[in-house]
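Subject: Structure handover

Hi,

I am passing this structure on to you. Please open it first, then read the notes below.

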Amino acid sequence: MIQYKLLTPGPLTTTESVKKEMMTDHCTWDDDYKQITQTIRKKLLNLAHVKEEEYTAVLMQGSGTFGVESVITSAVGDHDKLLIIANGAYGERMADICSHAKIPYMVYEVNYDQIPDAQKVEELLQENSEITHVSMVHSETTSGILNDIEAIAKVVKATGKTMIVDAMSSFGGVDIEVGKLGIDFIISSANKCIQGVPGFSFIICKREKLMECKGRARSLSLDLYDQWETMEKDGKWRFTSPTHTVLAFAKAMEEMEEEGGISARSERYYHNNRLLIQRMKEMGIQTYIGSKHQGPIITTFLYPKNHQFSFRDMYEYIKERGYAIYPGKVTDADTFRIGNIGEIYEEDIMKLCDIFEEYFHTIH
Ligand SMILES: *Cc1c(COP(=O)(O)O)cnc(C)c1O
């Protein structure tokens with residue numbers, strides 16, 4: 001088996017020590033295990049800068065999409081209407097979730113290389129008074145753009161609507177003042193910036209809004225309120241919990257604290273991201289997103305112009321030398337993506353860029 005590091009934004013490269021945690025088969029009804037769940041929930045609230053009296057954390061089996069679907073299908077009632085702000089595939093997925101569950105919604109669609117405009121959101125809320133909830137993605141992993149949730153939260157909160165944020169690929173890697181912004185539901189998952197392995201998502205919910213979800217869910221297993229109600233008692237998961245993933249996540253949270261918390265992690269991601277963009281630019285490779293809105297998580301690069309270029313060839317070449325990159329996902333340009341979250345350091349970025357340089361020479 002070829003060993004390589006992942007430059008994909010989840011699953012991502014984890015530490016040996018996080019992987020080792022999964023060597024234990026843990027009992028689920030045991031007090032020790034329930035305590036691990038409770039500690040994770042408490043620490044998540046700290047990372048979100050919210051108080052336990054006002055907010056609560058729910059862990060939900062499945063990948064990130066399960067978390068987003070759980071929130072939308074539990075929080076938006078049959079007589080409510082969700083405004084979805086979308087500038088990428090993950091925003092569009094929220095509309096797909098609504099279609100499947102027959103939840104009333106409308107979409108404010110924005111080009112993939114642009115951020116949504118808070119003033120436009122304000123207008124939409126004024127023109128469509130039936131809207132009760134607004135949802136958006138923070139770091140659109142489709143392109144790597146970082147949306148301005150602060151500006152949008154401000155107008156959403158001013159009108160008293162419920163705010164849902166998919167911060168899947170940014171939570172823990174970009175500091176978010178969830179309480180100050182008044183975000184009601186924010187979603188992320190185990191295998192992104194906290195650097196655990198896949199298996200569950202988590203939702204930080206404003207208690208008051210979560211209480212309104214009681215009896216509203218369209219799905220049994222994704223019922224956010226019921227999941228919370230069981231977990232809140234003593235840390236027991238409602239159905240079989242992904243024990244190995246939970247143990248790995250608890251370890252990953254400890255390691256994040258050792259690194260220096262969100263600020264240190266964010267700095268490492270930003271530094272590596274800017275270094276990567278700089279070195280690619282020196283090779284003539286441009287980013288799809290302009291520097292003003294480029295986030296620190298993942299970067300979309302345009303295909304080089306002057307080469308006989310095949311993404312497959314390049315992917316194999318780089319993989320043989322120790323790194324796995326990502327194909328592009330935007331629809332209006334030929335691109336590839338490089339994520340820099342996970343256990344990735346400056347030396348990896350330098351090495352990766354050397355490999356790119358070598359590869360571009362071979363096809364020149
Ligand atoms: C990873 C991710 C998701 C969830 O995707 P899954 O494949 O279900 O884990 C959702 N939104 C964003 C922005 C993401 O980056």
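Start at the ligand. The side chain of S63 has an N or O atom 2.5 Å from an oxygen atom of the ligand. Keep in mind that this is a predicted model.

A polar backbone atom of G64 is 3.1 Å from an oxygen atom of the ligand. K192 uses its side chain: a polar atom there lies 2.8 Å from an oxygen atom of the ligand.

Now the overall layout. The protein is split into two parts, domain 1 (5–9 + 261–362) and domain 2 (16–257). Note that domain 1 is written as two segments, 5–9 and 261–362. The C-alpha centres of the two domains are 27 Å apart. Where they touch, domain 1 supplies 25 residues and domain 2 supplies 27 residues.

How much area is buried between domain 1 and domain 2? The figure is about 2,100 Å². Carbon and sulfur atoms give 58% of that area. On the domain 1 side, the residues that lose the most area to domain 2 are I262, R265 and H293. Together they account for 30% of what that side buries.

What about polar links across the domains? There are 13 residue pairs in polar contact between domain 1 and domain 2, counting pairs with both residues at pLDDT 80 or more. The salt bridge count between the domains is zero.

Which elements of domain 1 give two or more residues to the side that touches domain 2? They are α11 (261–282) and β11 (298–302). Helix α11 gives the most, with seven residues. By class, this side of domain 1 has eleven nonpolar, nine polar and five charged residues.

One to find on screen is D234 with K34, where the closest N and O atoms are 2.9 Å apart. D234 sits in helix α9 (residues 224–234) and K34 in helix α2 (residues 31–47), so this pair ties together parts that are 200 residues apart in sequence.

Best wishes

How values were computed: Residues are numbered from 1 along each chain as its sequence is written. This is a predicted model: local features need pLDDT of at least 70, side-chain atom pairs count only at pLDDT 80 or more; totals for chains, interfaces and linings use all residues. Side-chain values use heavy atoms; hydrogens and water are left out. Domain bounds come from an automatic or database domain assignment. Contact means heavy atoms within 4.5 Å. Buried area is the accessible area (1.4 Å probe) that two parts lose on being put together, summed over both. A salt bridge is a side-chain nitrogen of Lys or Arg within 4 Å of a carboxyl oxygen of Asp or Glu. A polar contact is a pair of N or O atoms within 3.5 Å; within protein, one must be able to donate a hydrogen and the other to accept it, and residues adjacent in sequence count only if both atoms are side-chain atoms. Helices (H or I, at least four residues) and strands (E, at least two) are DSSP runs, numbered from the N terminus. Ala, Val, Leu, Ile, Met, Phe, Trp, Tyr, Cys and Pro count as nonpolar, Asp, Glu, Lys and Arg as charged, and the others, Gly among them, as polar.
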